[in-house]
Amino acid sequence: MTTARDIEQNLFELAPGSYAMEWDNVGLLVGHGDRSVRRVLLALDADDATVAEAVEEGYDLLITHHPLIYTPLYHLTGANGPERRVEALLRGNVALISMHTNLDAAHGGVNDALAEALGLSDVEEFLNEDAREGVPSIGRVGTVEEMAPAVFLEQVCRALDTNGGRHYLCRRVHRVAVGGGGCADYLADAYRAGCDTFLTADCKYHNFTLAADLGINLIDLGHYATEYVVLPKLKSRLEKAFPEVEFTLSSRECDVVGVVAPLKKG
C-alpha cells in the first residue's frame, strides 16, 4: 500500500524540505500521512478548479507546486479562498502535498526543467542574492547557439506553449539565465554572471529600466509558463517510483493571467 507519506518522502528525496526558504510551507499540508493513495492529481496551484477536480473525480491526493497554506489559518469558516479550499479537501478526503521553493532550487526541479525546455547547454547553478550554503541556488545559467533576440523569443514562447509576454531586447542571445516564477530581482546577478539574457516572470517596471541601463535582455513569460514545465517531470518520476499509483496532470488548471492581443485598426 502506498501512502501519502511515502509520496511526500520521495518528493523530499528530490527536493529536501531544508531547501525551502524560511517563509515557505512545504510537504504534507492537508490530510493524514498514513492514508492510502491510489490516484494522484498534479497541478501548479490548489485553486478552486483543481480542488474541485480532485474531489469530484475521486483523487486521493493533490500535489501542487504552490502551497495552499502560506500563513496560519486561525479558523475554518470559508471566509476566504484558502479556508474554502482546505474545507473542500477535508470534506472530499483528499490530501495535499506542496513542493515550492525547495523544488525551485533542487537539481531536477523547476529551473532544470526550464533550462531543458529552452534547450540550454552547459547548464550550471545561477548564484544570486538568495544563495545559501549547502543549498542549490535558485535559477540556472546555460548557453544557446548565438541568435537574434527576436528569434530566441519566438523559440521560447513555442517551447513554453505561451503566446508571449513582456520583454526588453537589446542584443544577441548566447548566455542565458533562467529563474522560473518570481525571480525578477535576480537581474543584476544575471548580469554579473556574464549573461546577455535573463528569462523569468513577475517583472516590475524598474526591472525593465534596470535591464536597459545594464544592456541585458529581459524576458518575462509569466509565472505559470516558467514553472509548469516541472509538472510532467514530477509525473514521470513518481510513475517510476510508484507504478501501482495513477498520476494525472490537471485538465482544469489554466494560467489565470491572460496575454493582451494587439488591437485591430479600422
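Trainee: Which residue is the bridge partner of Val40 in β3?

Mentor: Please bear in mind that this is a predicted model. The partner of Val40 in β3 is Leu61. Strand β2 (residues 39–43) and β3 run parallel and are joined by four bridges. Between β2 and β3 the chain passes through helix α2 (residues 48–56), and this β-α-β crossover is right-handed.

Trainee: Which way do the residues of β3 point, and are they buried or exposed?

Mentor: In a regular strand, side chains alternate between the two faces of the sheet. In strand β3 (residues 61–64), Leu61 and Ile63 point one way, whereas Leu62 and Thr64 point the other way. All four of these residues are buried.

Trainee: Which residues have the most contacts inside the largest nonpolar core?

Mentor: Nonpolar side chains tend to be buried together in soluble globular proteins. Here the largest nonpolar core has 65 residues, and Ile7, Val40, Ile63 and Phe198 have the most contacts inside it. Another core, of 16 residues, lies apart from it and includes Tyr59, Leu68, Val86 and Ala88. If neighbours within four places in sequence are left aside, the contacts of Val40 include Ile7, Tyr59, Leu61 and Ile63. Tyr59 has a further feature: the charged end of Arg39 sits over its ring, 4.1 Å from the centre.

Trainee: How many aromatic pairs does a search of the whole structure find?

Mentor: A pair of aromatic rings is described by the distance of the centres and the angle of the planes. The search finds three such pairs. Phe126 and Phe198 form an edge-to-face pair, with 5.8 Å centre to centre and 70 degrees between the planes. Phe126 lies in the loop between β5 (121–125) and β6 (140–147) and Phe198 in strand β9 (residues 197–200), so their pair ties together parts that are 72 residues apart in sequence. Both Phe126 and Phe198 are buried. Tyr224 and Tyr228 form a stacked pair, 5.4 Å centre to centre and with 25 degrees between the planes.

Trainee: Where do Tyr224 and Tyr228 lie?

Mentor: Both are in helix α9 (residues 223–228), four residues apart, which is about one turn of the helix.

Trainee: Which residues do ring pairs link into a cluster?

Mentor: The cluster links Phe126, Tyr186 and Phe198.

Note on methods. Residues numbered from 1 in each chain as written. Predicted model: local features only at pLDDT ≥ 70, side-chain atom pairs only at ≥ 80, totals over all residues. Heavy atoms only, no water. Phe/Tyr/Trp six-rings, centres within 6.5 Å; stacked < 30°, edge-to-face > 60°. Helix = DSSP H or I, 4+ residues; strand = E, 2+ residues; numbered from the N terminus. Buried < 20%, exposed > 50% of the residue type's maximum accessible area, 1.4 Å probe, protein only. Lys NZ or Arg CZ within 6 Å of the ring centre and 35° of its normal. Core = buried A, V, L, I, M, F, W, Y, C linked by side-chain atoms within 4.5 Å. Contact = heavy atoms within 4.5 Å. Pairing = 2+ DSSP bridges. Right-handed = clockwise from strand over helix to strand, strands pointing away.
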